[in-house]
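The sequence and structure come first.

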Amino acid sequence: MKGSKGSPEGREDDERGRAASLAAAMARGVRSGARRGGKGAWVSMGSLAERLLEAAPRIPVRDLDTLRKQFPGLGVEEIADKLIAGAVKGTMTVGAGVGAAAMLPAPPAMPAELAADTLGVAAVEYKLIAELHEVYGLRAAGNVRERATAYLWSWTEQRGIDVLKLSSVNVALGGRMKRELRQQLVKRTARHLPMLTPFMIGAAVGAAMNRRDTKKLAAKIRKDLRAAQIPWDALPSPVPPMTPLPPAIEL
């Protein structure tokens, strides 16, 4: 029986739903642009990077206080487990959709579907990284845009920001950030090209690819954050809430 709201199973379903909804919202604009450009339209990695950079400060990120209220009685590692499990299930849902679309008798514009998958998964993983930093007491410094840049840099480098030198984070504010973000998007998209082979790849494989990549990223980030974590009782009290910018796109 499906877990009730408030039960561990119900909270995991909530996490998966949040992740899948965020991915779907990010993907809508990609698909819409492809439809305007025609069935064979390809979406450039540059445009995906720009969209991710613009959207990141507007993605709702739960602060530590909110997460502790949503997961009452759980400690650092237990909350991190829940966040990772929800993100993995969310990205699996996205991958399954792309894999299934590739097997349709008349598939949609698959390059755009693949780009939508890449952007949607990146948004889910960005949110996961930001909230893991909250859980481990390592919120990035600065305003909402500066924090978003730091977490995107963490996603690009696949490292917790605490292990990066401050100069590296400052460099991320310039052109290098965009270049490396595009390169990471290219790598993620290229790894998922087999999804476009309808007779060999289906929904299960699309889900498995995203599951593998998100779990691998989460393990790397978590290892870094564990090494530098600040105990909750050592954090300033009260910690200011996380407030995203008003949405310029529907999230």
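## Tyr126 and its contacts

Tyr126 touches Ala56, Ile59, Val61, Ala148, Tyr151, Leu152 and Trp155, leaving aside residues up to four places away in sequence. Contact means heavy atoms within 4.5 Å.

The model is predicted: local features need pLDDT of at least 70, side-chain atom pairs count only at pLDDT 80 or more, and totals for chains, interfaces and linings use all residues. Residues are numbered from 1 along each chain as its sequence is written, and side-chain values use heavy atoms, without hydrogens and water.

## The nonpolar core

The largest nonpolar core has 57 residues. Such a core is a set of buried Ala, Val, Leu, Ile, Met, Phe, Trp, Tyr and Cys residues joined through side-chain atoms within 4.5 Å. Buried means under 20% relative accessible area, with a 1.4 Å probe and protein chains only. Leu83, Tyr126, Leu132, Val135 and Tyr136 touch the most other members. The largest share of this core, 12 residues, comes from α5. Helices here are DSSP runs (H or I, at least four residues), numbered from the N terminus.

## Helix α6

Helix α6 spans residues 144-157. Because 11 of its 14 residues are buried, α6 is largely enclosed by the rest of the structure. The buried residues of α6 include Ala148, Tyr151, Leu152 and Trp155.

At the start of α6, a side-chain oxygen of Asn143 comes to within 3.1 Å of the backbone nitrogen of Arg145. Just after α6, Gln158 has a positive phi of about 60°.

Technical notes: Helices (H or I, at least four residues) and strands (E, at least two) are DSSP runs, numbered from the N terminus. The expected span of a helix is 1.5 Å times one less than its number of residues. Buried means under 20% relative accessible area, exposed over 50%, partly exposed in between (1.4 Å probe, protein chains only). A polar contact is a pair of N or O atoms within 3.5 Å; within protein, one must be able to donate a hydrogen and the other to accept it, and residues adjacent in sequence count only if both atoms are side-chain atoms.
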